[in-house]
Amino acid sequence: MFSGMMDELKLYNRALSEDEITAKEAPEIAFEDIWLENILTQDIYKTQYHGGPYQHWMNEPHAPLCYNGMYHLFYQNNIVGTYWRNICWGHLVSEDMVNWKPVKEAITPTEDSVVPDGVWSGGAALDVNGIPVLFFTAGNDSFAKDGLISNQNIGAAYPADLSDPELTDWVICDELAVRQEDGQGRAGEFRDPHIWKEGDAWCMLICSGSVQTNGGSAILYETKTLEVKEDGTIDMDWQYMGPVYEMKDQPVTYGTSWELPILLPVSNEAGTVTRYAFFISPAPAGTADNKVFYFIGDFDVDTGKFTPDKQYDHKPSLLDYGSNVFTGPSAFIDPQSRKICMFSIMQDQRNGAEEGGAGWAHCVGLTRNLWLNDAGTDLKMSPAESLHTLERDVLAEGKKLTLEQANEKLGSVKGDLLYIRAVLAPENAEAFGIELKTGGDQDRSWYSYNLKEGKITGDTKNKGSEASTNHVSGDFSLEDGKLSMEIYVDRSLVEAYFNDEKSISMRVYSEFGSQGVQLFADGDVNVDELYVAEMNGIY
């Protein structure tokens, strides 16, 4: 696919000489004149209030940071096609972590830099003076001739102009920030740095594989100094601390490496209990369960070791029960709310031909707030509050309704950009839930809860041809005998959150007219609350 602007075009029936080719100097074209246009607003599957590039291909979002009141999020991006290649770092900016605006790519691989062959996942930190620093996986396929043991090492970059509110341009440091050394993780598995601050130390967690087992690993580095100097260098001294945690007798399902590891302190809403949450994404996807798993436990910054609670040892929890739609996480602690904010890629689950024909692939998941329950044993989760600013017309609402009364209100609801909130309290029903994007027997998706089985499920009859499964489920218990659902429908993507505890993300490739919504139950259910609103797009 072509990305740029073509002015004058001439065809010759002969090969031109070098002098003829270079005789006419090509004019320099301003970035604004070749920037991709947002031409996909009428695509019935292209998300409209999830962040991402206007066109082409993206992978995991990463390196979230907040500087001077502006939030920044970066992502792996191919700016010339809908496939994994030519990877640079795309860049999104926002004032509220909802209204994301794409700006010029932040980091591009160049032949003469530490990152000649692709800019892969990474993280961000603020230095001792509050200056943002990006740490990224620097791809180098000629690593051996440069004296490296891996094509994956860690580079760094800083803003070229701190007065620019969008931090558009970045300077790549001439030297690697961290290079893989013998004995530090499994050679060739060294990527996805995640950075956070612990007291007077900066910590960097890196994906790798265990040198002791065949399982995954996340290795830790620490530095007591991090400062961008006036001469364009960064003063830092990353010291290897070893594996932060490794599973003994690890099951195959948790992979041979742990991609995109995240470790952050997490507190309850009152701030009276603080623990640590450790997230992993097992890889490779072909043999491992490549979803987002987490442990709750304790972290000792002096030893660099994480210890999971006994309930999580050898069996971490799933954050999202969906079928590999919600993957590739990154997270940071929002300086304003002090909650963990998590971002993810939302896989579109189509094949390469479908993506190429559509002109886009994947998007950024909604910003998720994570906090600790009051018992300090598990995570709570909800989408960002500022999403409510996108609500437009209210299509249905009511309280203390019967199932029939609720469905009467939902009878006229149609839409593919919706926010739905429903609180259901079963009387004698064993199974109940909500249908979405309905349009006949062959076009139907739904979320349901089975009281006897203690399972929350997501089903669809209309996924794309590449979807691996159309039924997902996970353990779930009602809170005070009620199921609270918050559901965001954005064209082909549906994100559903249940009782602020679990989520199920699904891709739903239904026909254009399949936009109906209704509740169902195999018995009596009270609808304590119902609210449906149209949503505005962010582009």
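The protein chain carries 41 positive and 85 negative side chains, the centres of the two sets lying 5 Å apart; Lys and Arg count as positive and Asp and Glu as negative, with His and the chain ends not counted, and each charge is placed at NZ of Lys, CZ of Arg, CG of Asp or CD of Glu. The model is predicted, so that local features need pLDDT of at least 70 and side-chain atom pairs pLDDT 80 or more, whereas totals for chains, interfaces and linings use all residues. Residues are numbered from 1 along each chain as its sequence is written, and side-chain values use heavy atoms, without hydrogens and water.

Four helices and 36 strands make up the secondary structure of the protein chain (DSSP runs of H or I, at least four residues, and of E, at least two, numbered from the N terminus). Of the 539 residues, 57% are buried (under 20% relative accessible area, with exposed over 50% and partly exposed in between; 1.4 Å probe, protein chains only).

Aromatic pairs number 32; rings of Phe, Tyr and Trp (its six-membered ring) pair if their centres lie within 6.5 Å, and planes under 30 degrees apart count as stacked, over 60 as edge-to-face and the rest as tilted. The rings of Y54 and Y539 have centres 5.8 Å apart and planes at 70°, so this pair is edge-to-face. Y54 lies in the loop between α2 (31-34) and β1 (56-67), and Y539 in the segment after β36 (525-535), 485 residues apart. Y54 is buried, at 17% relative accessible area, while Y539 is partly exposed, at 30%.
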